[in-house]
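Please open the model in your viewer and keep the sequence panel beside it. The stops below say what to select next and what is there.

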Amino acid sequence: MKPLLFCPVFLASLASATTVTSRPWGEIDGTSVTLYTLKNQSGASVSISNYGGTVTSIIVPDKNGKMADVALGFDTLAEYREKSPYFGCITGRYANRIAKGKFKLAGTEFTLATNNDPNHLHGGDQGFDKRIWNATVKDSELVLNYTSPDGEEGYPGTLKTTVTYRWTEKNALHINYEASTDKPTVINLTNHSYFNLVGEGADTILDHQLQINATQYNPIDPTSIPTGIAPVKDTPFDFTKPTAIGSRIGVENTQLKNGLGYDHNFVLKTSDDGKLMKAAILTEPKSGRTLTVSTTEPGIQFYCGNFLDNLPGKGGKIYKYRSGLCLEAQTFPDSPNQKEFPSPVLRPGETYRQTTIYQLGVSR
Ligand code: BGC
């Protein structure tokens, strides 16, 4: 690999006040990888690589205006390739799990990698998070394209995918997804950013307050496959009011046991009507930082970093157990096998569309 010089290229600032710069970020098998930074006039920024469409940093102010990076991640491409627990990436073609790596479409059975024994997770061995996406900058937006060939990772149909990232003056990261196929297939795309609103590398997220706009969730079996839809009322899964994540995580509960903590899909709606709704609000009391997630998706996976285990991250900081959390907008896990869930099937002539907005803010 050639030595890389830090040499940002100024790419766009025309239609919006957000500027986009880029710099080389290594190469994989002769293909170069780039890191883009979208910065608004206040100086708040996000950095995104075309390797996996990975959000590598989100730098925003606290209630006193002090900036911090609230996204867990690494400094180098090599670390993302070697040891990333899906930090910041686009997961697909099917984010989350498919039971035993099998599903049927129109009578034909498809077999996928069981990379999360005994199930399929996040698109398989070489999911969308490990692909180099084609990147262009247009009107201060980062537009990423990836064409997944028919049969890639066992999925049917050539899937043409576009993911557009926009960073606003108000510190909102808009993510728009679009896809089309030439054969019936299943699709579930999400962004897998891990947040700690104190700043990456800070202590656990157990004091963060979370509110989720869901009266139902998907209980899971011991292999994390949904067993149906159940009410959150009178369970540790009731986040209908702002609640500290750590306040009930230690109680005796089969679901918390099965997920090793929170690692469950919350039901925002039971049909995929495509309307944008406010899904979750996360608040960190000391910094005052907030994160509001809005999405068109029917579900949101709340995963509280149960598998983080003293992982060295940016600047050598240690990411300890539960020091980051994900709020992954998605359709329900294992929906290719569960008829009562919103359908994840995409057919030729249809367009898959999803919008998710991560709005960062402060409360005083
Ligand atoms: C899943 C977790 C998994 C994690 C991988 C999450 O989306 O729900 O079970 O361990 O991704 O980092």
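Start with Ser323, which is buried, with a relative accessible area of 1%; buried means under 20% relative accessible area, exposed over 50% and partly exposed in between, with a 1.4 Å probe and protein chains only. Ser323 is found in the loop between β27 (318-319) and β28 (326-330), where strands are DSSP runs of E of at least two residues, numbered from the N terminus. Now show Lys320 as well: the side chain of Ser323 reaches the backbone oxygen of Lys320 at 2.6 Å. Such a polar contact is a pair of N or O atoms within 3.5 Å; within protein, one must be able to donate a hydrogen and the other to accept it, and residues adjacent in sequence count only if both atoms are side-chain atoms.

Before going further, note that this is a predicted model, in which local features need pLDDT of at least 70 and side-chain atom pairs count only at pLDDT 80 or more, while totals for chains, interfaces and linings use all residues. Residues are numbered from 1 along each chain as its sequence is written, and side-chain values use heavy atoms, with hydrogens and water left out.

A polar side-chain atom of His122 lies 3.0 Å from an oxygen atom of the ligand, an N or O atom in the side chain of His192 is 2.9 Å from a ligand oxygen, and for a polar side-chain atom of Glu328 the distance to a ligand oxygen is 2.8 Å. Taken alone the ligand exposes 310 Å², of which the protein buries 94%, these areas coming from the Shrake-Rupley method with a 1.4 Å probe.

Rings of Phe, Tyr and Trp (its six-membered ring) pair if their centres lie within 6.5 Å, and planes under 30 degrees apart count as stacked, over 60 as edge-to-face and the rest as tilted. A search of the whole structure finds 22 aromatic pairs. One of them joins Phe103 and Phe110, whose ring centres are 5.4 Å apart with planes at 25 degrees, so the pair is stacked; both residues are buried. Phe103 also forms a tilted pair with Tyr155, 6.5 Å centre to centre and 35 degrees between the planes. Because Phe103 lies in strand β9 (residues 102-105) and Tyr155 in the loop between β13 (141-148) and β14, this pair ties together parts that are 52 residues apart in sequence.

Follow β9 to strand β10 (residues 108-111), with which β9 pairs in the antiparallel sense over four bridges; strands pair if DSSP finds at least two bridges between them. Lys102 stands opposite Thr111 in β10, and in the hairpin, which has two residues between the strands, Ala106 takes a positive phi near 45 degrees.

Finally, colour the open sheet of nine strands, which has the order β12-β13-β14-β15-β30-β24-β23-β18-β21 with antiparallel pairing. Its edge strands, β12 (134-138) and β21 (243-244), each pair on one side only. Within the sheet, select Asn176 in β15: Thr164 stands opposite Asn176, and Asn176 in turn stands opposite Thr355 in β30.
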